[in-house]
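User: Got a structure here that I'd like to talk through. Can you take my questions one at a time?
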Amino acid sequence: MVLWELSLLLIAVLFLGGLAWMFHNKPLRKRALGKKVNPAQQKNIKNLHIEKASDMEAAEEVIPSPPQTAQKESSPHQLPAIPWSYGDTRIVALARDPYWIFAYWEINGAVREKIQQQYGSEGWSSGKLLLRVYDVTNNYFFDSKMILEIQVNDYSNNWYINTGQPNHTYLLELGLLLADGTYIFIARSNLVTMPRDDLSDIVDEEWLLPEAYEKRVYGRYIEIHGSPGFIQEMELKAIKAKKGEEYISSPINW
Amino acid sequence: MTKGYLALVLHAHLPYVRHPEYEEFLEEKWFYEAVTETYLPLLWTFEKLAEDGVDYRVTINLSPTLISMFNDELLRQRYVKQLEKLIELADKEVYRTSNQPEFHSTALMYKDLFSRAHYLFTEKYRWNLVEAFRRLQDAGKLEIITTGATHGYFPLLGVQREVINAQVQTAVELYERCFGRKPLGFWLPECGYKPGDDKILKKYGIKYFITETHGLLFASPRPKYGNYAPIYCSSGVAAFGRDAESSKQVWSAKEGYPGDFDYRDFYRDIGYDLDLSYIGPYLPEGRIRSHTGIKYYRITSTTDYKEPYVRSWALEKAAIHAGNFMFNREKQVEWLSGLLDRKPVIVAPYDAELFGHWWFEGPQWLDFLIRKIRYDQNTIELITPGDYLKIYPCNQLSTPCESSWGWKGYHEVWLNGANDWIWRHLHKAAERMIELANSHHEADGILKRALNQATRELLLAQSSDWPFIMKTGTMVQYAKMRFQSHIANFTRLYEDIKGNKIDERWLNELESINNLFPEIDYRIYRSDHVAELPGPVAEQSAVPV
């Protein structure tokens, strides 16, 4: 019995050790190297509402693994070849959660060649590939401020970036910084808005009543109190509604 | 007097798995098992309730891929063949256990369950389950809703608005053909919501969708009623929030009902336990150990120690749990009615496959619950979200929070080290499909067929099931194979169309294998479908070129 327990312990130790080893050896590119520009950004990370799995009923149980007929798969499935790359130069940003952006990119050979032609053959190899993160919340391209600059590996084509600021909008830029300090723009991403992670501060209420109901409600009102002015107003509203504003707000709480 | 409402929402979905190129295919069993264990028992439960004159309202989402499998002739034939083999095995089991009283009655139960499935499928419903669901909707019992065509994960696909349009338009058109009306509600795949997606739902006449709890709680402006009443997005589509409390009671592996020791154990299956010479003929390829569906043990304990299943105990527990669930909802509603100046609605969505497949007694629990709510109390009433909006058409205007019901509440399940590589291919393929759709106004003949098949391949590649399986770590190879083969097929079709060199034989083959959505029209990817939508929401700008 003791022997059995000892062997179990040994297995556990080996397993944990293996795990630790695996994580230790994880390629660096998967970690975000970005340093915080503004320490205030840290504040939200501490009081996350969703971070702990136990806080979320939407944990694994919510989506059990798909019905598994067998633990084994029927036969080793052949994997058809798909393109490695598409010959584009682009960067795409996706929000993973309120704090992390996932970005993937591709730099086409022609772009590399052009840089080499202009800045010499060592231009590319001695330059640093940079991922710049701009906070463009509310101000889009103008007056946006760079909040992170991450040096990425030349061979990587994706990155997870910790911005730590929910509900902000970002823009990513990929560029090359040459040894002499020249910065060469390569690609700009789509705008990415991070999800909220907390209750909204805005508590003003606005209410909506679909047009069809409004007609019924006010239609009855017209029958009873129909004044020409009111009817005219309703007609104007109807015209407006046809123009695409199908819903109007109503301050009434039903 | 009724003080509040409970909206039970079942989400029935399976990825499209159909392999005519093989005699038998292991992953097709996901569908066969779910039909026998979940869809038929649920239909049977709903029919019995209706026959007994029980008034009830339940919302069910039937995903377009599932509907396509229900309607597929080959899968129907294969299902019945497979079910007949299972009945044969159950017969043998009745004989084998004749001297083992602790197992014999359970063997008889399976024989009964499978025989009834056979009767329902072939005789009562005449191989047409969609029609059976339709009748229940027409009778005013079910509110059937729809979801993305192939259950694509909207928040990550949505960098191209055309993709969301194609997922929604395909689903709504299929729904109208199957159910003879427009869907009122839309199940966002994985409850994945991103502000702005509601505008596309609005375009197809959708009245509501369901979000995760914090989709409503973190909405802005802050919803006055929390997640106990819907809000309107700026588009006018209503969002209902999932209730955390009622979900936990059913879902949670630890605290939830399905883990009760008296319920049937899912993992101990004779496919693993019995000698290969006996069970072999009922296993894939005559030898691959897997679930048969015949399981004799109850959960018993948290360890591997298992005792025989006792059906009467399990049913007793299902009744107790139904009573407990109802009691808790009553208390919840009583508490809420003191806070709200309207009747609250508790939205309780579940994966349909939980009932019967994972939680064997789930359909009975549902049956007990519905009857008890009708006859044993007056505090709560069953409702559908559509009905609730008729009672309360005026709702607060607010933008739901981007969210999902997956682990951690956002997109990480579908965007992590195990599956993040798929998105560049999905975005690129979509860009190419949009290009094809925009540049071919009126295609016909083989060109049209190739364009339509490219549409099918892209839709199939977009299933959220593939990244999900890659993340969970079981059957990963199959998910990769499916993803890569649809991307490879799409890429070749794109190149063939562009190069004006379509291989008709290969196209024929693809059409016969990946045959879902026969009425598909590639023009669903045209940019003018989304061009007139108000915007821009910052993150929805197209992928930069």
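User: How many bridges join strand 2 of chain B to strand 3 of chain B?
Analyst: Four, and the two strands run parallel. Strand 2 covers residues 58-62 of chain B. Strands here are DSSP runs (E, at least two residues), helices are H or I runs of at least four, and both are numbered from the N terminus. Two strands pair if DSSP finds at least two bridges between them. This is a predicted model: local features need pLDDT of at least 70, side-chain atom pairs count only at pLDDT 80 or more, and totals for chains, interfaces and linings use all residues. Residues are numbered from 1 along each chain as its sequence is written, chains are lettered from A and ligands numbered from 1 in the order in which they are written, and side-chain values use heavy atoms, with hydrogens and water left out.

User: What's the bridge partner of B:Thr59?
Analyst: B:Glu143, in strand 3 of chain B.

User: And which way does strand 3 of chain B pair with strand 4, parallel or antiparallel?
Analyst: Parallel, over two bridges. Strand 4 of chain B is residues 185-187. There, B:Trp187 stands opposite B:Thr147.

User: Is strand 3 of chain B mostly covered or open?
Analyst: Covered: six of its six residues are buried. Buried means under 20% relative accessible area, exposed means over 50%, and partly exposed is in between (1.4 Å probe, protein chains only). One side has B:Leu142, B:Ile144 and B:Thr146. The other has B:Glu143, B:Ile145 and B:Thr147.

User: Switching to rings. How many aromatic pairs are there over all chains?
Analyst: The count is 44. Rings of Phe, Tyr and Trp (its six-membered ring) pair if their centres lie within 6.5 Å; planes under 30 degrees apart are stacked, over 60 edge-to-face, the rest tilted. B:Phe103 and B:Tyr297 form an edge-to-face pair, at 5.6 Å centre to centre with 70° between the planes.

User: Where do those two sit in the chain?
Analyst: B:Phe103 is in helix 4 (residues 101-124) of chain B, and B:Tyr297 is in strand 8 (residues 297-298). They are 194 residues apart, so the pair links distant parts of the chain.

User: Why does B:Phe103 count as buried?
Analyst: Because its relative accessibility is 12%. B:Tyr297 is buried too, at 17%.

User: What lies over the face of B:Tyr297?
Analyst: B:Arg268, at 4.2 Å from the ring centre. The rule: NZ of Lys or CZ of Arg within 6 Å of the ring centre and within 35 degrees of the ring normal. B:Arg492 lies over the face of B:Trp506 in that way, at 3.8 Å.

User: Which ring cluster has B:Trp187 in it?
Analyst: Ring pairs link B:Trp187 into a cluster whose members include B:Trp251, B:Tyr257, B:Phe325 and B:Trp405.

User: On to the backbone. Where is B:Pro221, and what is the peptide bond from B:Ser220 like, cis or trans?
Analyst: B:Pro221 is in the loop between helix 9 (213-217) and strand 6 (231-232) of chain B. The bond is cis, with omega near -5°. Most residues other than glycine have a negative phi, and most peptide bonds are trans.

User: Which residues other than glycine have a positive phi?
Analyst: Among them are B:Arg126, with phi near 45°, and B:Glu190, at about 60°.

User: Buried or exposed, those two?
Analyst: B:Arg126 is exposed, with a relative accessible area of 67%. B:Glu190 is buried, at 6%. B:Arg126 is in the loop between helix 4 and helix 5 (129-138) of chain B. B:Glu190 lies in the loop between strand 4 and helix 8 (197-203) of chain B.
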